[in-house]
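Student: I should like to learn how to read the features of a protein model. May we go through one together?

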Amino acid sequence: MTNAYDMAYTRAQDEPEAFWAEAAREIDWYKTWDKVLDDSNPPFYRWFLGAECNTCFNALDRHVKAGRGEQAALIYDSPVTNNTKRTYTYNQLLNEVSLFAGVLRKEGVGRGDRVIIYMPMVPEAAIAMLACARLGAIHSVVFGGFASNELAVRIDDAKPTAIISATCGVEVNKVINYMPLLNGAIDLAKHKPSVCIILARPEAEAELKEGRDIDWASAMLMAEPAKCVPVAATDPLYILYTSGTTGQPKGVVRDNGGHMVALKWSMSAIYDCNPGDVYWAASDVGWVVGHSYIVYAPLINGCTTVLYEGKPVGTPDAGAFWRMISEYDIKVLFTAPTAFRAIKREDPAGALLANYDMSSFKSLFLAGERLDPDTLQWAQEKLKVPVIDHWWQTETGWSIAANCLGLHALPIKAGSPTKAAPGWDVSVVNDEGENVPNGQIGSIVIKLPMPPAALPTLWEKDEIFIEKYMVDFPGYYNTADAGMIDDDGYLYIMARTDDIINVAGHRLSTGGIEEVLADHPDVAECAVIGVADQLKGQLPIGFLVLNAGTQTSEDAIIADTVAMVRERIGAVAAYKTAVVVERLPKTRSGKILRSTMQKIADQEDYSMPATIDDPLILGEMDEALQSIGYSKARA
Ligand code: COA
Ligand code: AMP
C-alpha cells in the first residue's frame with residue numbers, strides 16, 4: 001500500500017459498500033438506507049435502497065443552514081451579451097430556486113413528473129434544474145444547439161408536463177431564436193406539454209402562445225416559495241439523452257442518492273476542491289459535464305460555480321479563459337481539449353496570459369474526447385499547473401479514469417487519462433470477453449456493479465439498457481470505447497467501437513446523420529464517417545450514392561443534405577462536407593466498411609478487410625476523399 005489513491009482504490013474494490021457508505025456521510029439524508037447496494041436484480045443495481053433525500057436541499061439549503069448564505073454560489077459571466085455579469089449568493093440562489101419551484105408546483109408539476117429544459121447558458125437554466133430537483137420532478141435538459149426534430153424526439157420519450165425555455169440563445173455573432181424551434185418541436189411531437197415557461201431575454205422578443213406559454217418573470221412575481229420534497233435515493237433526478245447508434249437517442253437515467261454521494265466525493269478526491277473554492281466547468285448545461293460539474297457537484301460541495309456564456313476564442317479573444325480565471329479567482333477549470341486547441345491556434349505563444357493574474361489557478365482538467373499530446377504539452381508549458389486528462393461518459397456521470405489530485409497525484413503520461421478511479425473495475429478484453437495482455441488493444445469494459453451515479457437504466461427502456469450495454473460481455477458494462485492498459489495500470493482510450501463520433505467534445509451518431517441523408521429523394525444509399533480535424537477532433541463527412549437518372553446536380557444535392565442535417569439535428573453536428581460516389585465499400589454480407597473508409601481519410605494504415613466485396617473500391621474511396629481534401633494517393 002503506497003499512497004492514498006491506492007488505498008482508496010483497494011478499499012472501494014474490497015469493501016464497496018463500506019467505502020460508499022462512508023462517503024455518504026457527507027450528504028444530508030431525511031432517512032438513511034436499509035441497504036447500501038441492492039444487487040438482487042442484476043444488471044439493475046440500486047445504491048442506498050430505502051434512503052430518502054433531496055438533491056436541491058444538499059446543493060443549497062444545507063449550506064445556508066450551515067452559514068454559507070452570503071458566499072457566492074453561482075457566477076454568471078456572458079461576454080456574448082455585452083459582458084453581462086451576475087453573482088448569486090447561496091441565499092439568493094436558494095430564494096430563486098424555491099420561488100421557481102413554486103411556479104412549477106402551481107403549474108401542476110410534482111414528484112416523478114418530467115420537465116424538459118431547453119435553454120441557453122443562463123443562470124435560469126441551473127435554477128430550473130434545481131427547482132425540479134426540489135420538487136422531486138425529473139428534469140431533462142436538451143442542449144440548445146439541437147434543432148426541433150431532436151427536441152421533439154425527446155419530448156415524445158420523456159413526456160414532460162412542462163417545458164422551460166427562453167426566447168433565444170446567443171452565439172458569438174448571432175442570436176438563435178428559440179421559439180420557432182420550440183414551436184416546431186411541439187408541433188412535431190405526439191406528446192404535448194401542458195405548459196411552457198419562457199424566459200424573456202432582451203436579445204429577442206417572442207410571441208407567447210395563449211393558453212400554453214407563461215412568462216418566467218411574471219410567474220416569479222406571483223410565486224410562493226416551495227419546500228424540498230423528500231424522494232427515494234433511487235428515484236430519478238434527471239434523464240439526459242445521449243447519442244446512440246441510431247437517430248433515437250438513449251435516455252440515460254441518474255438517481256438522486258448515489259449521484260450526490262459520488263459527485264461530492266469526486267470534488268475533493270479527484271478535483272482537490274474544498275467548500276468555498278471557485279470551480280469552473282466551461283461546458284454547457286446540456287451535456288453531462290454541465291449537469292455534474294456546472295450545477296450539481298460544485299454546489300453540493302459548497303463551492304462557487306461559474307456559468308459562462310461565451311467561447312474560448314472570439315469572445316473577444318483567446319485570453320477569455322485567463323480573464324475569467326483571474327477575475328473570479330478560479331482554482332480549477334474543466335473543459336474539453338477542443339477549447340484548448342482553439343486557444344492554441346489563435347495564440348500559439350500564449351502571449352495573452354501575460355495580461356492576467358493566474359495565481360488562484362491550481363489545475364486544468366480535460367475530458368470529452370482524446371487529449372492529444374500536443375495540446376497537453378502546450379497547456380502544461382503555458383499554464384504551469386497539472387493538466388489532467390480524465391475519461392468518462394454521459395452514462396457514468398463522473399470519471400471512470402482520472403488522476404485523483406485530492407488523493408495522490410500520479411505521474412502524468414501523455415495520451416492516458418491515468419488509472420481507473422476508485423469504484424471502477426476496468427479491463428480490456430477481446431471479442432470473447434477474455435482479458436488481453438497489457439499493451440494490446442481491446443474493448444474496454446467495467447465489471448458490474450458500477451459505483452454510485454452510474455446509470456441504473458435507460459428511461460422506461462430496461463430491455464434496451466441490457467441490449468446496448470450488458471449483453472456483449474455478460475457481467476460487465478460495455479463502454480463502447482476501445483483502448484489498452486499499460487504495465488503500470490494506465491488506461492489509454494483510443495476509439496469508439498460503435499458509430500459514435502466526437503465533434504468538438506459533442507457526441508454524435510453517424511447513424512443518426514445517415515438517417516437524415518437517406519431521406520433525400522435523390523440519395524439511394526449513404527455512409528457517414530468521422531474524419532480527424534485539427535480543431536474539433538473529428539468532423540462528419542458524407543458519402544452519397546445517388547439514384548440512377550437523377551436530374552439534380554451533385555452540388556445541389558450535397559447542399560441539400562447539409563441544410564437537412566442542420567435543420568433536423570442542429571448546427572452542432574458541423575456536417576458541411578460530402579462527396580458523391582458510385583458505390584460504397586462493403587463486406588460480402590453487405591456491411592458498409594466505415595472504419596476502413598475512416599482510416600483511408602485519416603491516412604492511417606489499414607489491412608484489407610478479408611470479407612471485402614470488391615477490393616478495387618478502396619482506390620475509388622481514396623480518390624473521392626482526395627477530391628474533398630482528405631487522404632492522399634497511396635503507393
Ligand atoms: N445553441 C445554438 N447553436 C449552437 C450552440 C447552442 N447552444 N452551440 C453551438 N452552436 C452552433 C454554433 O453557432 C455553430 O454554428 P455555425 O455552424 O452556424 O457556425 C455550430 O453550432 C458548431 O458550434 P461549435 O461546436 O461550438 O463550434 P464553433 O466552431 O462555433 O466553436 C469551439 C469551436 C472549439 C470554440 C467550440 O466547440 C468550443 O468552445 N468548445 C468547448 C468545448 C465544449 O463546450 N465541450 C462540451 C463538452 S465538455
Ligand atoms: P459523452 O457521453 O458525450 O461524455 O461522450 C463520452 C465519450 O467521449 C467516451 O465514450 C469517449 O469516447 C469520449 N471521451 C470522453 N472523455 C475522454 C478522454 N478523456 N479521452 C478519450 N476519449 C474520451
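Tutor: Let us begin with a loop. Pro 43 is found in the loop between strand E1 (35-41) and E2. Please keep in mind that this is a predicted model.

Student: What kind of peptide bond joins Pro 42 and Pro 43?

Tutor: The angle omega describes the peptide bond. Between Pro 42 and Pro 43 the bond is cis, with omega at about 5°. A cis peptide bond also joins Thr 315 and Pro 316, where omega is about 0°. Pro 316 is placed in the loop between strand E17 (304-308) and helix H11 (320-328).

Student: What is the value of phi at Phe 48?

Tutor: Phi of Phe 48 is near 60°, a positive value in a residue other than glycine. Phe 48 belongs to strand E2. Glu 460 also has a positive phi without being glycine, in this case near 55°. Glu 460 sits in the loop between strand E24 (442-447) and H14.

Student: Are Phe 48 and Glu 460 buried or exposed?

Tutor: The reading rests on relative accessible area: under 20% is buried and over 50% is exposed. Phe 48 has a relative accessibility of 0%, so Phe 48 counts as buried. Glu 460 has 57%, so Glu 460 counts as exposed.

Student: How does one look for empty space in a model?

Tutor: Rolling a probe the size of a water molecule over the atoms shows where empty space is left. A search of the whole structure here finds three cavities of 30 Å³ or more. The largest cavity holds about 130 Å³ of space. Its lining has 14 residues, and those closest to the centre are Tyr 45, Met 450, Ala 454, Leu 455 and Pro 456.

Student: Which elements give two or more residues to the lining of the largest cavity?

Tutor: They are strand E2 (44-49) and helix H14 (462-470). E2 gives the most, with three residues. Sorted by class, this lining has twelve nonpolar, no polar and two charged residues.

Student: What is the volume of the second largest cavity, and how do the residues of its lining divide by class?

Tutor: The volume is about 60 Å³. The lining of the second largest cavity divides into six nonpolar, four polar and two charged residues. Among the lining residues are Leu 371, Asn 403 and Lys 413. Strand E20 (residues 387-389) gives the most to this lining, with three residues.

Student: How much space lies in the second largest pocket?

Tutor: The second largest pocket has about 310 Å³ of space. Of the 20 residues that line the pocket, Asp 472, Asn 478, Ala 480, Thr 497 and Asp 498 are the closest to its centre. H14 and strand E25 (476-485) each supply at least two residues of the lining, and the largest share, four residues, comes from E25. By class, the lining of this pocket has four nonpolar, seven polar and nine charged residues.

Student: Let us turn to helices. Which residues of helix H7 are buried, and which are exposed?

Tutor: In helix H7 (residues 178-188), the buried residues are Tyr 178, Met 179, Leu 182, Asn 183, Ala 185 and Ile 186. Seen down the axis of H7, these residues fall within an arc of 160°, so they line one face of the helix. On the other side of H7, Pro 180, Asp 187 and Leu 188 are exposed.

Student: How far apart are the end C-alpha atoms of helix H4?

Tutor: At 1.5 Å a residue, the 17 residues of H4 (residues 90-106) should span 24 Å, and the end C-alpha atoms are 24 Å apart, which agrees. The buried residues of H4 include Tyr 90, Leu 93, Phe 100 and Leu 104. Just after H4, Gly 108 takes a positive phi of about 90°.

Student: Which residues touch the most other members of the largest nonpolar core?

Tutor: They are Phe 100, Tyr 293 and Trp 398, in a core of 131 residues. Helix H5 (residues 123-135) provides the largest share of this core, ten residues. A second, separate core has 68 residues, including Cys 196, Ala 578, Val 579 and Val 581.

Note on methods: Residues numbered from 1 in each chain as written. Chains lettered and ligands numbered in written order. Predicted model: local features only at pLDDT ≥ 70, side-chain atom pairs only at ≥ 80, totals over all residues. Heavy atoms only, no water. 1 Å grid on protein atoms, 1.4 Å probe; cavity = no way out; pocket = protein on both sides within 12 Å on 5 of 7 lines; lining within 4 Å. Points joined across faces, edges and corners; volume = space filled by probe spheres on them. Nonpolar A, V, L, I, M, F, W, Y, C, P; charged D, E, K, R; others polar. Buried < 20%, exposed > 50% of the residue type's maximum accessible area, 1.4 Å probe, protein only. Arc of directions from axis to C-beta. Core = buried A, V, L, I, M, F, W, Y, C linked by side-chain atoms within 4.5 Å. Expected span 1.5 Å × (residues − 1).
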